[in-house]
Amino acid sequence: MQGRRTTWSQLPRGAVLSAEFLGNSAAAKKIPRISEAGQLHWTQSGRSALRLAFELEGLGEGDAVLLPDYYCPTMVSPVVAQGATPVFYPLSDGLPDLSWLTNWLANSGGGKPRKSVLLAVHLFGIPIDFMPLQTLAQQHGISLIEDCAHAFLGSRNDVAVGASGDYAIASLPKFFATTAGGVLRINRTAKTTNVSSIGFTEELRGAWDLIQASVHAGHWSMLRPAFAVLYALRGGTSNAQQTTRSTDLETLTEEAVREHAMHDPQLTLTRAKDIDRFIVRHSRYDRIAAARRRNYELIVGALQDRADLVPLRPALPQGAVPYVVPFLSTQANDDYAALRRIGFPVYRWDRFWPGAAPNRDDWGRRVLQISCHQNLNARDIEDAAGALRIRRN
Ligand SMILES: Cc1ncc(COP(=O)(O)O)c(C=O)c1O
C-alpha cells in the first residue's frame, strides 16, 4: 500500500503481515542474518534470549555484566534476574569506550566480581566492528555477547551480524511481523537448554492478532468484510484500532523502572511461538532490507532542513539494515510527543536503572529513534515530517 492512510490509527507501529515481505527466494537467502549459522535457541523475547545466555554462562551472585550506558531496561533486567550485577560502561559516539573497559577489566580482580561478561550492541541496526571487543574479551578471558536486537540482518566489512560474539541475541518483532520472539545464537560449543514451551491457545491467539493487525493496516483486503462482521458481532472495535497513542511523557522513578522490568512476563525462559518462527523463516529478507534502507534515506531526506534535529548517522553504511533512524534533538520532548500523537513509531531510551551512570551525551533524553520499518511508505514519512514541522511553527 503506497497511498495515504485513511486514518492515523491505520499506521502500523511495527511490521505487519504483507505478501510483499513473505515467501522464499534465493535472493532472500543471500542477506546476512543472525539466524544463518551457530546453534539457535528461539525464545519468547530478546530479553529471554539474553537471560538464557547468562544462564548458560553460569552467571550468578557476585558476577558482572558490562553493559553500555545507553540502554533500555530490557537489557538490564535479565542480568538482575540472574542474580548478577550490571556495570555500565561509557559509549563514545555510540562505540564502547575501550580504554574504560580495559581499565575496568584490569582492576576488577581481587575478589570483586567473580566472572564478567561483556555485552555490546549494534545500535540502531548499524553494525559496529566487533574485532577490538573480541580481542579485549580474549585478553581477559571473558565471554562476549553480540546484541543484534537492532540488527537481525546485515553485515559490516563482509562480517555478518551475529558471527562475532560467543553469543548473539536478537528480537524478532523489530524486523518481522511476529507477535513477539527472540533468538539466542551460540557460536561455540553447543549446549542443551531448559526452556518451557508455549501452549496451543497462545499460538492461536498469536496468529489471530497478526492477521487482525495486518488487515487493519490495509493488507489482505479480501478478509476485511469478514473482520467487519466479527467486530460488529462483538459490538466493539478491533484490538488494532484500540492501540493507545499516549502523548504524555510519563516519567517513572528509577525504582519504578526496575520494579516494572523485573515483573515482566517476557523475562522468563520460554520458547518462541511456532507461528513467529515460521514467519521469520519465510520472510523476504532482501525486500525487508531494501525497504528499510529506502525508508531510512527518505526520513533523513525529509528532515534535512531541521538544524535542531540532526541524524546521528546521516549516511547509511553498505551492508547495514537499519532498525531506526537515530536523531539528536534539541527539543526532544516536543518532537517525541508530536510523533507519538500521530502514532508514528518512535522510541526514546529515557527510563533509567537505579545506580546507572548517566550517558555522557545524554542520549537517553536527547536521542529519538524514528522507525523505518518496511511497512511504512513514502507518504507516511512525509506526513510524519509534516507533523514535526507543525509542532515547530
Ligand atoms: C538493544 C536491545 N537489546 C535487547 C532488547 C530486548 O529485546 P526484546 O524487546 O525482544 O525483549 C532490546 C529491546 O528493545 C534492545 O533494544
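Between which two elements does the loop that holds Thr 193 lie? Thr 193 belongs to the loop between β11 (182-186) and α6 (200-216), and Figure 4 returns to this residue. The structure is a predicted model, in which local features need pLDDT of at least 70, side-chain atom pairs count only at pLDDT 80 or more, and totals for chains, interfaces and linings use all residues. Residues are numbered from 1 along each chain as its sequence is written.

**Figure 1. Overall view of the protein chain.** The protein chain contains 13 helices and 15 strands; these are DSSP runs numbered from the N terminus, helices being H or I of at least four residues and strands E of at least two. Along the principal axes, the C-alpha atoms fill a box of roughly 65 × 50 × 45 Å. The radius of gyration is 21 Å, which agrees with the value near 21 Å for a compact globule of 393 residues; it is taken over C-alpha atoms, and the globule rule is 2.2 Å times the number of residues to the power 0.38. Of the 393 residues, 44% count as buried (20 or more other C-beta atoms within 10 Å of the residue's own; exposed, 12 or fewer; partly exposed, in between; C-beta atoms placed from the backbone). Among contacts with a separation of 6 or more, 75% join residues 24 or more positions apart, a contact being a pair whose C-beta atoms, placed from the backbone, lie within 7 Å.

**Figure 2. Packing of helices α3 and α8.** The axes of α3 (residues 73-81) and α8 (residues 254-262) come within 9 Å and cross at roughly 70°. Helix α3 is therefore roughly perpendicular to α8 (65 to 115 degrees; under 35 is roughly parallel, over 145 roughly antiparallel and the rest oblique). Axes are lines fitted to C-alpha atoms, for helices over the stretch in contact, and angles run from 0 to 180 degrees between N-to-C directions. Pro 73, Thr 74, Val 76, Ser 77, Val 80 and Ala 81 of α3 meet Val 257, Ala 261 and Met 262 of α8. These residues comprise seven nonpolar, two polar and no charged (nonpolar: Ala, Val, Leu, Ile, Met, Phe, Trp, Tyr, Cys and Pro; charged: Asp, Glu, Lys and Arg; polar: the others, Gly among them).

**Figure 3. Packing of helices α4 and α5.** Helices α4 (residues 98-107) and α5 (residues 131-140) pack at an angle of about 10°, with their axes 11 Å apart. The two helices are therefore roughly parallel to each other. Leu 98, Leu 101, Thr 102 and Leu 105 of α4 make the contact with Pro 132, Leu 136 and His 140 of α5. By class, five of the contact residues are nonpolar, two polar and none charged.

**Figure 4. Surroundings of Thr 193.** Leaving aside neighbours within four places in sequence, Thr 193 is in contact with His 41, Leu 52 and Leu 56. Thr 193 and Leu 50 are 143 residues apart in sequence and 13 Å apart in space, C-alpha to C-alpha.

**Figure 5. Shell around the ligand.** Of the 13 residues around the ligand, Ser 45, Gly 46, Arg 47, Ala 149 and Ser 171 come nearest (a residue is near a molecule or strand if its C-beta atom, placed from the backbone, lies within 6 Å of it). Helices α2 (46-56) and α3 each supply at least two residues of the shell. The shell has four nonpolar, seven polar and two charged residues.

Methods: Contact = placed C-beta atoms within 7 Å.
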